[in-house]
Amino acid sequence: MGQTLTEKILDDHLVEGELETGEEIGIDIDQVLTQDTTGTLVWLQFEALGLDEVQTELAAQYCDHQTYQFDFKNSDDHRFLRSAAGTFGAHFSRPGNGICHQVHKERFAAPGKTMLGSDSHTPTPGGMGELAIGSGGLDVAVAMGGGQYYIEMPEVVNVRLEGELPDWATAKDVILHLLGELSVKGGVGKVLEYTGPGVENLSVPERTTITNMGTELGATTSIFPTDDHTQEFLDRLGRGDEHVEIGPDDDAEYDDVIEVDLSDLEPLIATPSMPDNVVPVREVAGEDVDQVIIGSCTNGAYEDILPGAKMLEGREVDKRTEMIVAPGSKQASELLAREGWTAEMMAAGVNFSEATCGACIGIGHVPASDSVSLRTFNRNFEGRSGIEDDSVYLCSPEVATASALAGEIVDPRDLADELGDLEDPGFEMADKYDGSTADLIAPDEAVDDGLVKGPNIGDVPLKDPLDAHLQGSALLKMDDNITTDHIIPATQDILMYRSNIPKLSEFTLSRVDDDFAQRALDADGGFLVAGENYGQGSSREHAALCPMYLGVEGVLAQSFARIHKANLFNFGLLPLEIDEDTYADIEQGDDIEIVDDVEEAVRSGQDEFTIRVNDDWEATGQLDASAREREILADGGKLPHTKAQQDDSSGAAPA
Ligand code: SF4
């Protein structure tokens with residue numbers, strides 16, 4: 001039987017296990033990526049493991065999430081990251097040089113490679129045939145040290161594309177369509193592999209918009225085969241020699257097949273406040289728009305901004321609406337400026353932001369209260385924009401620009417009819433991506449003399465091995481779809497403490513319950529209780545580390561998001577799945593006791609745990625974990641586990 005593209009790349013990098021769905025496999029990693037909010041912990045953990053040099057082919061440290069330097073804390077973090085990259089052998093991308101996924105796509109991503117990144121949108125370069133997976137930072141640190149990355153072999157689902165996009169429909173509409181059909185849980189445990197005749201009608205930047213937002217489906221990753229488009233894209237980047245032609249075998253068998261006819265698509269929009277609340281734009285047309293932002297790692301490329309620039313040429317943004325363009329990379333800014341498009345857009349009323357995540361995580365351009373913001377981003381979770389009662393819609397740059405011109409949500413087809421002279425700008429790539437590399441510092445250009453740690457940078461707290469007896473109260477009961485943004489918000493005032501865990505922990509779950517952190521500290525142990533899909537969203541491992549620091553012992557949830565569950569193991573928290581009835585019956589404040597000898601049960605492979613509630617009734621919690629994850633959990637997390645292994649084998653590469 002032939003292989004899928006996913007199987008081929010995994011096979012090439014397989015170190016342990018077999019490519020059987022659900023089996024744990026260990027793979028070698030070629031490239032790693034980390035960004036500033038997760039990166040400080042990555043390097044502190046790399047240091048704590050006693051590692052002294054990056055072992056992967058390539059590592060890149062970006063500064064994109066928190067680029068504004070309001071006081072010394074962010075600046076200290078950035079300086080620490082620069083010094084760590086230089087000391088250990090990674091590329092360093094300066095604040096303002098762009099969003100990690102855009103810059104990585106432009107500078108480093110290559111077909112057939114494996115990549116691990118401490119950011120949930122790491123799968124972006126799947127659009128150019130790289131198998132890229134998001135993970136917690138500790139997994140990235142271990143991979144950089146030469147250790148394997150372990151993952152359950154996902155199902156491989158074939159998304160078969162037919163046809164060609166009609167006028168005004170875009171790659172964003174392809175992924176919004178899939179989100180509307182499959183929901184934010186539709187890709188969990190799956191790789192989405194795109195094939196079919198429609199693939200050749202999408203350029204690489206369009207493909208990377210789709211693979212970027214596969215994360216919102218919960219997918220492990222998404223990938224396209226390579227072809228002439230990939231060769232051409234790499235040629236224009238000046239990296240044509242990195243192209244390899246890869247794709248599935250003709251007789252590859254998939255776990256499932258989803259058919260999408262591109263010619264059936266139309267402009268779509270995700271309404272507040274989930275990326276899968278997708279409707280045709282015409283269904284919500286007429287709503288006043290206060291703010292429009294084009295940018296982010298989904299639609300911040302040169303090719304995403306150019307259509308809006310063409311639509312704005314000789315026109316003005318409506319007086320009711322503010323329009324902001326936040327390019328995904330400085331290279332995109334530079335090309336647009338050199339070609340005169342920046343001045344054209346400014347003349348139309350657009351304001352420019354530096355190339356950063358910024359507004360995507362509520363850092364700058366926070367919407368006014370009770371207002372509508374249209375964004376080309378990938379997420380619109382409630383409160384993510386920086387204001388709790390936000391009303392954020394997600395759409396293509398074409399829909400965003402049309403709505404900025406109209407001052408209200410409008411389908412660009414209808415605006416074109418009304419204006420008479422507005423045409424679909426189509427899709428166009430730069431002839432040559434020849435932006436400056438002044439903001440990239442290669443490992444052999446390191447400027448610091450060793451690690452530089454300011455006063456806001458502390459050590460990584462460690463947990464003791466798992467106790468035999470776990471007991472405590474249900475510290476907090478939460479609903480479905482709690483995101484890592486709920487657990488540790490990514491706003492400027494909070495995440496500037498990302499390298500200072502005691503301080504950062506004070507904000508744990510403050511968006512759900514202001515008193516939680518103090519209650520958890522006072523209780524000195526206890527459990528979190530949640531519904532479905534606990535921990536979806538960003539990969540930030542602080543969402544496991546901070547509860548651990550506060551004394552949380554475990555999480556009882558109906559289901560867990562993949563990366564967050566891995567982070568719970570990595571920080572020694574017991575993740576037990578409970579059924580709907582148990583979830584309904586447990587109240588906040590109830591006394592919870594895990595009846596079994598927990599350490600022994602975890603190590604021995606026991607799947608079912610008895611949960612006694614208020615010494616009154618009992619339920620079952622399921623532990624779905626591999627033998628390796630069980631050892632990590634029982635040892636108190638991956639850091640103590642890996643250190644113990646290194647001690648046993650005299651400093652060998654981490655496993
Ligand atoms: Fe940055 Fe937003 Fe992309 Fe995350 S989703 S990398 S915060 S632009």
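This is a predicted model: local features need pLDDT of at least 70, side-chain atom pairs count only at pLDDT 80 or more; totals for chains, interfaces and linings use all residues.
A residue is called buried here if 20 or more other C-beta atoms lie within 10 Å of its own.

Let me start with strand β3, residues 31-34. Q31 and L33 point one way from this strand, V32 and T34 point the other way, and all are buried. Strands of a sheet pair through backbone hydrogen bonds, either parallel or antiparallel. Which sense do we have here? β3 runs parallel to strand β4, residues 58-62, and four bridges join them. Within that pairing, L33 stands opposite A60 of β4. To get from β3 to β4 the chain passes through helix α2, residues 36-48, and this β-α-β crossover is right-handed.

β3 also pairs with strand β6, residues 114-117, again in the parallel sense, over three bridges. There, V32 stands opposite L116.

V32 comes up again when we look at the core. The largest nonpolar core has 196 residues, and V32 and V555 are the ones with the most contacts inside it. Which helix gives this core its largest share? That is helix α6, residues 171-182, with seven residues.

Now to V555. Not counting residues up to four places away in sequence, V555 touches F527, L528, A530, Y534, L568, L573 and P575. Strand β23, residues 552-557, pairs with strand β24, residues 574-577, in the parallel sense over four bridges. L556 has L576 in β24 as its bridge partner. Between β23 and β24 the chain goes through helix α20, residues 562-570, in a right-handed β-α-β crossover.

For this part of the chain there is a record to mention. An unreviewed UniProt entry annotates residues 528-580 as "domain: Aconitase A/isopropylmalate dehydratase small subunit swivel".

Next, an antiparallel case. Three strands form an open sheet in the order β1-β2-β8, with antiparallel pairing. β1 and strand β2, residues 24-27, are joined by two bridges, and L14 has I27 in β2 as its bridge partner.

How many of its eight residues are buried? Eight of the eight are, among them D139. Just after α5, G146 takes a positive phi of about 100°.

I will finish with a loop residue, F377, found between β18 (373-375) and β19 (392-394). Is F377 buried or exposed? F377 counts as buried, because it has 29 C-beta neighbours inside 10 Å, and the cut-off is 20 or more. Leaving aside neighbours within four places in sequence, F377 is in contact with S296, T298, C360 and L394. P412 is 35 residues from F377 along the chain, and their C-alpha atoms are separated by 18 Å.

That is the end of the tour.

Technical notes. Residues are numbered from 1 along each chain as its sequence is written. Two strands pair if DSSP finds at least two bridges between them. A crossover is right-handed if, with the strands pointing away from the viewer, the path from the first strand over the helix to the second runs clockwise. A residue is buried if 20 or more other C-beta atoms lie within 10 Å of its own, exposed if 12 or fewer, and partly exposed in between; C-beta atoms are placed from the backbone. UniProt positions are given in the numbering used here, feature names are shortened, and annotations may be inferred rather than shown by experiment. A nonpolar core is a set of buried Ala, Val, Leu, Ile, Met, Phe, Trp, Tyr and Cys residues joined through C-beta atoms within 7 Å. Two residues are in contact if their C-beta atoms, placed from the backbone, lie within 7 Å.
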